[in-house]
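Q: Could we go through this structure together? I would like to begin with a helix and then turn to some single residues.

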Amino acid sequence: MRPLDAKTTNPRLGDPSFPLRHRLFRLAWTCVWVLLGRWTPVPLFAWRRFLLRCFGARIDPTARIYPGVEVWYPPNLAMAAHACLGRDVTCYNMDRIELGARATVSQGAHLCTGTHDVDDADFQLVTRPITVGTNAWIAAEAFVGPGVIGGEGAVLGARAVTFRHLDPWTIYAGNPARKLRRRFEQDRPALPVRPGL
């Protein structure tokens with residue numbers, strides 16, 4: 001679902017950025033999640049996966065969603081095998097958020113797919129998808145901006161902020177995030193990928 005054209009609506013004066021049907025869907029989702037999912041005990045991964053799937057998320061049976069996670073729009077969430085959203089992660093997924101196999105987003109991190117065109121007089125809402133690659137790690141309280149692709153095995157350190165792609169098997173930290181080093185030395189092999197995972 002794309003945002004409404006800010007030239008025909010006026011979101012800066014309180015008009016909506018999305019159609020009524022979309023907003024009603026999100027209202028229903030929020031009520032269900034707050035009442036039945038967000039607060040549930042840690043071991044109830046299957047129950048939280050079930051709720052998200054009922055509202056259109058594509059989640060592998062081995063993926064883990066911890067309590068306190070906020071998912072803005074479930075149909076825009078996809079999680080592969082053993083992917084993980086830690087406690088209190090925010091998925092502000094106005095556009096697609098995809099987590100590859102064994103990708104981890106740690107507690108308090110924020111994945112944000114929406115921004116505004118600051119050069120547009122109408123302040124048009126713009127969305128771009130986020131991808132967190134296989135074996136990548138977004139550490140605690142980090143912020144990932146719209147359109148970012150986190151390469152396979154990339155690491156974004158705690159409280160780091162990125163609006164740029166993360167190279168595979170590379171460690172980043174800081175605000176703005178800067179490349180620190182390769183995750184593995186040249187003579188050391190990367191993590192093996194087991195068949196079926």
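This is a predicted model: local features need pLDDT of at least 70, side-chain atom pairs count only at pLDDT 80 or more; totals for chains, interfaces and linings use all residues.

Q: How many residues does helix 1 have, and how far does it reach?
A: Helix 1 spans residues 20–36, which is 17 residues. From first C-alpha to last it reaches 24 Å, close to the 24 Å expected at 1.5 Å a residue.

Q: Which residues of helix 1 are buried?
A: The buried residues are His-22, Arg-26, Trp-29 and Trp-33. They lie on the same side of helix 1, because they cover an arc of only 65° around the axis.

Q: What do the buried residues pack against?
A: They pack against helix 2 (45–54), strand 2 (64–65) and strand 3 (70–71).

Q: And which exposed residues are on the face turned away?
A: That face of helix 1 carries Leu-20, Arg-21 and Leu-35.

Q: Back to His-22: why does it count as buried?
A: The relative accessible area of His-22 is 3%, and buried means under 20%.

Q: What is His-22 in contact with, leaving aside neighbours within four places in sequence?
A: His-22 is in contact with Met-1, Trp-72 and Tyr-73. His-22 and Tyr-73 are 51 residues apart in sequence, and their C-alpha atoms are 9.2 Å apart in space.

Q: Changing topic, where is Ser-106?
A: Ser-106 is in the loop between strand 8 (104–105) and strand 9 (110–112).

Q: Is Ser-106 buried or exposed?
A: Ser-106 counts as buried, at 11% relative accessibility.

Q: Which side chain does Ser-106 join through a polar contact?
A: The side chain of Ser-106 has a polar contact of 2.7 Å with that of Trp-137. Beyond four places in sequence, the residues that Ser-106 touches include Gly-86, Val-89 and Ile-138.

Notes:
Residues are numbered from 1 along each chain as its sequence is written. Side-chain values use heavy atoms; hydrogens and water are left out. Helices (H or I, at least four residues) and strands (E, at least two) are DSSP runs, numbered from the N terminus. The expected span of a helix is 1.5 Å times one less than its number of residues. Buried means under 20% relative accessible area, exposed over 50%, partly exposed in between (1.4 Å probe, protein chains only). The arc is that of the directions from the helix axis to the C-beta atoms. Contact means heavy atoms within 4.5 Å. A polar contact is a pair of N or O atoms within 3.5 Å; within protein, one must be able to donate a hydrogen and the other to accept it, and residues adjacent in sequence count only if both atoms are side-chain atoms.
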